[in-house]
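Good morning, and thank you for coming. Please look at the sequence and the structure on the screen while I take you through them.

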Amino acid sequence: ILDLAPFCAASCKNVMDGTRVLYSLYGIVEHSGSMRGGHYAAYVKVRTPSKKLVEHISTAKNVLGLKEAMGASGGQWVYVSDAHVQMVPESRVLNAQAYLLFYERLLL
């Protein structure tokens with residue numbers, strides 16, 4: 001959880017003093033290799049899947065570990081690399097060499 005309130009101007013954050021502006025990390029992209037080439041992989045935080053997504057996965061070809069990852073509880077992290085999908089502990093995610101970070105605003 002990241003609180004950006006201390007870094008926001010009062011007029012921009014449109015909130016009263018003392019209010020927090022919270023964001024939650026839900027995805028990380030990692031790059032390995034060099035500037036000329038390499039490989040991208042991602043860590044994604046599982047949410048409750050939508051009915052439409054579950055239907056798509058059940059009809060799509062079975063990517064190793066994907067169906068198991070979709071059965072994971074909310075808050076579980078999943079590592080995705082090409083056709084490889086694997087549930088991983090949060091400690092592995094926090095130690096990733098992040099190239100891109102994805103946050104969402106938490107509305108309280």
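Tyrosine 40 lies in strand 3, where a strand is a DSSP run of E with at least two residues, a helix is a run of H or I with at least four residues, and both are numbered from the N terminus. Before I continue, please note that this is a predicted model, in which local features need pLDDT of at least 70 and side-chain atom pairs count only at pLDDT 80 or more, while totals for chains, interfaces and linings use all residues. Residues are numbered from 1 along each chain as its sequence is written, and side-chain values use heavy atoms, with hydrogens and water left out.

Is tyrosine 40 buried, partly exposed or exposed? Its relative accessible area is 47%, so it is partly exposed; buried means under 20%, exposed means over 50%, and partly exposed lies in between, with a 1.4 Å probe and protein chains only. Leaving aside residues up to four places away in sequence, tyrosine 40 touches Val29, Glu30, His31 and Tyr99, a contact being heavy atoms within 4.5 Å. Tyrosine 40 and serine 81 stand 41 residues apart in sequence, and their C-alpha atoms are 7.2 Å apart in space.

Alanine 42 belongs to strand 3. Apart from residues up to four places away, alanine 42 touches Ile28, Val29, Val78, Tyr79 and Val80.

Let us now consider the whole chain. The protein has four helices and six strands, and along the sequence they follow the pattern β-α-β-β-α-α-β-β-α-β. There are 108 residues, of which 24% count as buried. Among contacts between residues at least 6 apart in sequence, 49% join residues at least 24 apart. The protein exposes about 7,900 Å², and carbon and sulfur atoms supply 57% of that area; accessible areas come from the Shrake-Rupley method with a 1.4 Å probe, and for residues only the protein chains shown count as cover.

Which residues form the largest nonpolar core? There are nine: Leu25, Ile28, Ala41, Tyr43, Trp77, Tyr79, Val88, Val93 and Ala96. Such a core is a set of buried Ala, Val, Leu, Ile, Met, Phe, Trp, Tyr and Cys residues joined through side-chain atoms within 4.5 Å. Strand 2, strand 3 (38-45) and strand 4 (77-81) each supply at least two residues of this core. In soluble globular proteins, nonpolar side chains tend to be buried together. One member, tyrosine 43, touches residues including Ile28, Trp77, Tyr79, Val88, Val93 and Ala96. The contacts of tyrosine 43 also include Glu30 and Arg92.

That brings us to glutamate 30, in strand 2 (residues 22-33). A polar atom of the glutamate 30 side chain does lie 3.0 Å from the backbone nitrogen of glutamine 97. Among the residues that glutamate 30 touches are His39, Tyr40, Tyr79 and Tyr99.

Serine 24 is also placed in strand 2. With a relative accessible area of 8%, serine 24 is buried. Its contacts, not counting residues up to four places away, are Ile1, Lys45, Phe102, Tyr103, Glu104 and Leu106.

Valine 21 sits in the loop between helix 1 (10-13) and strand 2. Valine 21 has a relative accessible area of 4% and is therefore buried. Its C-alpha is 7.7 Å from that of arginine 105, which is 84 residues away in sequence.

Finally, please turn to the loop between strand 4 and strand 5, where aspartate 82 lies. Aspartate 82 has a positive phi of about 55 degrees although it is not a glycine. Most residues other than glycine have a negative phi. Aspartate 82 counts as exposed because its relative accessibility is 66%. Histidine 84 is in strand 5 (residues 84-88) and is partly exposed, at 33% relative accessible area. The side chains of histidine 84 and glutamine 86 are joined by a polar contact of 3.1 Å, meaning a pair of N or O atoms within 3.5 Å; within protein, one must be able to donate a hydrogen and the other to accept it, and residues adjacent in sequence count only if both atoms are side-chain atoms.
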